[in-house]
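Reader: I have a model open and want to learn how to read it. Where do we start?

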Amino acid sequence: MAKIDEIKEELNYLKVWLGIIVLTTIGLISWLVNNYEVSSNIKIISDIVAVIVLTISIIIIDKNIKKKIKSLKDL
């Protein structure tokens, strides 16, 4: 497989995971908005921690995607 094809496949793989993580984050935020009054503090704190971790993951994956795109320009 050519190097350019390998990078494109890695980009596609990262984009799939980015989409999954973004949707999960949106779902957790939606759950928090709808259930903050009736949920226990531990569930609310766990949800907030999960949103923070997923947001950090989104930033990391985004940086990796941008780095891969720059490497495609060099080829």
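Reader: Is Thr25 buried or exposed?

Author: Buried means under 20% relative accessible area, exposed over 50%, partly exposed in between (1.4 Å probe, protein chains only). Thr25 has 7% relative accessibility, so it counts as buried. This is a predicted model: local features need pLDDT of at least 70, side-chain atom pairs count only at pLDDT 80 or more, and totals for chains, interfaces and linings use all residues. Residues are numbered from 1 along each chain as its sequence is written, and side-chain values use heavy atoms, with hydrogens and water left out.

Reader: Where is Thr25 found?

Author: In helix H1. Helices are DSSP runs (H or I, at least four residues), numbered from the N terminus.

Reader: Which residues is Thr25 in contact with, leaving aside its neighbours within four places in sequence?

Author: Contact means heavy atoms within 4.5 Å. For Thr25, the partners are Val51, Leu54, Thr55 and Ile58.

Reader: How many salt bridges does the structure hold?

Author: A salt bridge is a side-chain nitrogen of Lys or Arg within 4 Å of a carboxyl oxygen of Asp or Glu. There are 2 here. In one, Glu10 pairs with Lys68, with the closest N and O atoms 2.4 Å apart. Glu10 lies in helix H1 (residues 3-35) and Lys68 in helix H2 (residues 41-74), so the pair ties together parts 58 residues apart in sequence. Glu10 is partly exposed at 27%. Lys68 is partly exposed too, at 25%.

Reader: Which residue forms a salt bridge with Asp62?

Author: Lys66, with the closest N and O atoms 3.3 Å apart. Both lie in helix H2, 4 residues apart, about one turn of the helix. Asp62 is partly exposed, at 29% relative accessibility.

Note on methods. Helices (H or I, at least four residues) and strands (E, at least two) are DSSP runs, numbered from the N terminus.
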